[in-house]
Amino acid sequence: MVTLVDAAHDLIELIEAHADLAERNRRLPSETVKALTDADLMRMCLPAQYGGPEADPLTLLEAIATLAFADGAAGWCSMIASTTSSMAAFLPASAAQQIYGDPQVVTGGVFAPNGKGRVVSVDGVDGLSVDGRWAWGSGTQHCQWVLGGTRCDDGTFRLCWFPQSDVTFHDTWHTSGMRGSGSLDYSVEDAFAPAEFTMQPGVTHPVVDTPLARFPNFALLAAAVSAVGLGIARRALDEVIEIAQGKRPQYSSKTLAQSGYTQIEVARAEAKLRSARAFLHDEVGTAWATVLAGDDTTIEQRTGIRLAATNAATIGAEVTDTAFTLAGGTAVYDTSLLGRCLRDAHVVTQHIQTAPKLNEKIGQLLLGQDTDTSMF
């Protein structure tokens with residue numbers, strides 16, 4: 001049986017072949033999207049009840065890192081789409097089946113509460129009329145359904161699913177990194193979301209009560225984001241190791257691989273990367289075991305995941321920086337894969353779920369201080 005991680009490995013060559021086109025077009029090419037969709041790598045968290053793989057968190061992280069090894073943008077889009085699919089467990093079964101019943105459907109969107117919703121009834125169907133605009137809509141152009149966080153006039157906060165026909169895309173994704181992810185702005189105007197196509201994070205109980213539905217959503221997202229950084233860093237380090245075998249810097253009789261400085265820096269980077277991955281997988285795995293045992297994760301476990309994820313994103317960028325620097329002038333050309341790795345790795349550290357500033361809140365929790373844990 002082909003696992004999701006095996007499927008991701010099988011797509012490395014195809015994704016690599018289309019990575020330059022993704023950068024130029026600022027979105028994933030249709031060939032890459034189709035391959036990811038066909039392999040179930042765009043809905044890894046979808047409950048089995050709706051035909052999804054319902055991957056465990058560690059499988060999710062490994063598959064995402066593998067895709068990011070091939071191209072950071074492909075890993076990023078798979079991460080966004082797959083974590084979005086986990087929300088299907090909280091929708092009424094009829095709505096979830098309508099959205100996710102077709103295995104070719106990809107969903108994505110933004111949790112941020114940038115939408116404003118009015119409670120209305122249309123043709124006897126209760127729902128919301130929503131206006132809003134969201135940034136960082138990664139991969140939404142290839143999504144048949146797009147969700148957006150919405151504050152409603154009844155005092156609730158809801159995630160609302162909209163068919164792509166209701167969504168306007170804005171050409172805002174002109175960036176240094178993660179160009180191929182197509183993370184542009186999108187908006188809706190007076191879009192009707194029937195009540196059953198909405199859910200309240202932290203309030204709505206899972207309709208499909210599975211271990212994955214009981215795993216903390218934000219912790220899962222943070223870990224998945226950081227897995228992209230680990231995959232990019234793995235590729236960057238492997239790339240400089242390969243370059244080092246044959247490259248002789250100017251005025252040197254030795255190859256980079258024979259240089260003591262290169263040897264020390266590669267060893268340090270390898271240790272950092274393996275340690276960051278092990279820390280992340282250990283924290284996620286421990287929390288997953290708790291959920292499988294039928295218990296709720298503790299705040300200490302959720303804090304551990306957030307610390308490991310933030311650390312992994314930071315280390316991913318640091319290791320990629322090291323690889324880029326060691327390669328010398330070779331790395332600055334557009335033809336160098338290391339340039340894209342460098343740009344993409346630093347986008348991972350800018351995500352709200354893995355940004356270095358989170359260490360302040362994590363530190364507060366580690367020190368026993370009172371702080372808001374609603375996003376943990």
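The legends below describe close-up views of a predicted model.

**View 1**
Strands of a sheet pair through backbone hydrogen bonds, either parallel or antiparallel. In this model, 7 strands form an open sheet with mixed pairing, and their order is E5-E6-E2-E1-E3-E4-E7. Strand E5 and strand E7 (198–199) stand at the edges with a single partner strand each, so one side of each is left without a neighbour in the sheet. Helix H5 lies across E1, E2 and E3. The direction of H5 is at about 40° to that of E1.

**View 1. Strand E3 between its two partners.**
With strand E1 (residues 107–122), E3 pairs in the parallel sense over 7 bridges. Within this pairing, Val110 has Gly148 of E3 as its bridge partner, and Lys116 stands opposite Arg151 of E3. With strand E4 (residues 157–163), E3 pairs in the antiparallel sense, again over 7 bridges. Gly148 has a bridge partner in E4 as well, namely Cys160. The hairpin of E3 and E4 has 4 residues between the strands, and Gly155 takes a positive phi near 90° there.

**View 2. The hairpin of E1 and E2.**
E1 and E2 are joined by 8 bridges and pair in the antiparallel sense. Arg118 has Ser129 in E2 as its bridge partner. Between the two strands of this hairpin there are 2 residues. Asp123 takes a positive phi near 55° in the hairpin.

Strand E6 (residues 184–194) is mostly covered, as 8 of its 11 residues are buried. Strand E2 (residues 125–137) runs antiparallel to E6, and 8 bridges join them.

**View 3. Helix H3 and the helices around its buried residues.**
Helix H3 spans residues 30–38. Its residues Thr32, Val33, Ala35, Leu36 and Thr37 are buried. The buried residues of H3 pack against helix H2 (12–25), helix H4 (57–70) and helix H5 (72–85). After H3 comes Asp40, and its phi is positive, near 65°.

**View 4. The packing of helices H8 and H9.**
Two packed helices are described by the angle between their axes and the distance between the axes. For helix H8 (residues 217–246) and helix H9 (residues 260–292), the angle is about 155° and the axes are 11 Å apart. Because this angle is over 145 degrees, H8 is roughly antiparallel to H9. The crossing of these two helices is left-handed. From H8, the contact includes Ala223, Ser226, Leu230, Ala233, Arg234, Leu237 and Ile241. These meet Val266, Ala269, Glu270, Leu273, Ala276, Arg277, Leu280 and Val284 of H9. By class, the residues of the contact of H8 with H9 are 11 nonpolar, 1 polar and 3 charged.

**View 5. Asp238 in helix H8.**
Asp238 is found in H8. Its relative accessibility is 31%, so Asp238 counts as partly exposed. From C-alpha to C-alpha, Asp238 and Val122 are 56 Å apart in space. In sequence, the two residues are 116 residues apart.

**View 6. The packing of helices H10 and H12.**
Helix H10 (residues 299–327) and helix H12 (residues 358–366) cross at roughly 150°, and their axes come within 10 Å. Their crossing is left-handed. On the H10 side, Ile299, Thr303, Arg306, Leu307 and Thr310 take part in the contact. Their counterparts in H12 are Leu358, Asn359, Ile362, Leu365 and Leu366. The contact of H10 with H12 has 6 nonpolar, 3 polar and 1 charged residues.

Technical notes: Residues are numbered from 1 along each chain as its sequence is written. This is a predicted model: local features need pLDDT of at least 70, side-chain atom pairs count only at pLDDT 80 or more; totals for chains, interfaces and linings use all residues. Side-chain values use heavy atoms; hydrogens and water are left out. Axes are lines fitted to C-alpha atoms, for helices over the stretch in contact, and angles run from 0 to 180 degrees between N-to-C directions. Angles under 35 degrees count as roughly parallel, over 145 as roughly antiparallel, 65 to 115 as roughly perpendicular and the rest as oblique. A crossing is left-handed if the near helix is turned anticlockwise from the far one by less than a right angle, and right-handed if clockwise. Contact means heavy atoms within 4.5 Å. Ala, Val, Leu, Ile, Met, Phe, Trp, Tyr, Cys and Pro count as nonpolar, Asp, Glu, Lys and Arg as charged, and the others, Gly among them, as polar. Two strands pair if DSSP finds at least two bridges between them. Buried means under 20% relative accessible area, exposed over 50%, partly exposed in between (1.4 Å probe, protein chains only).
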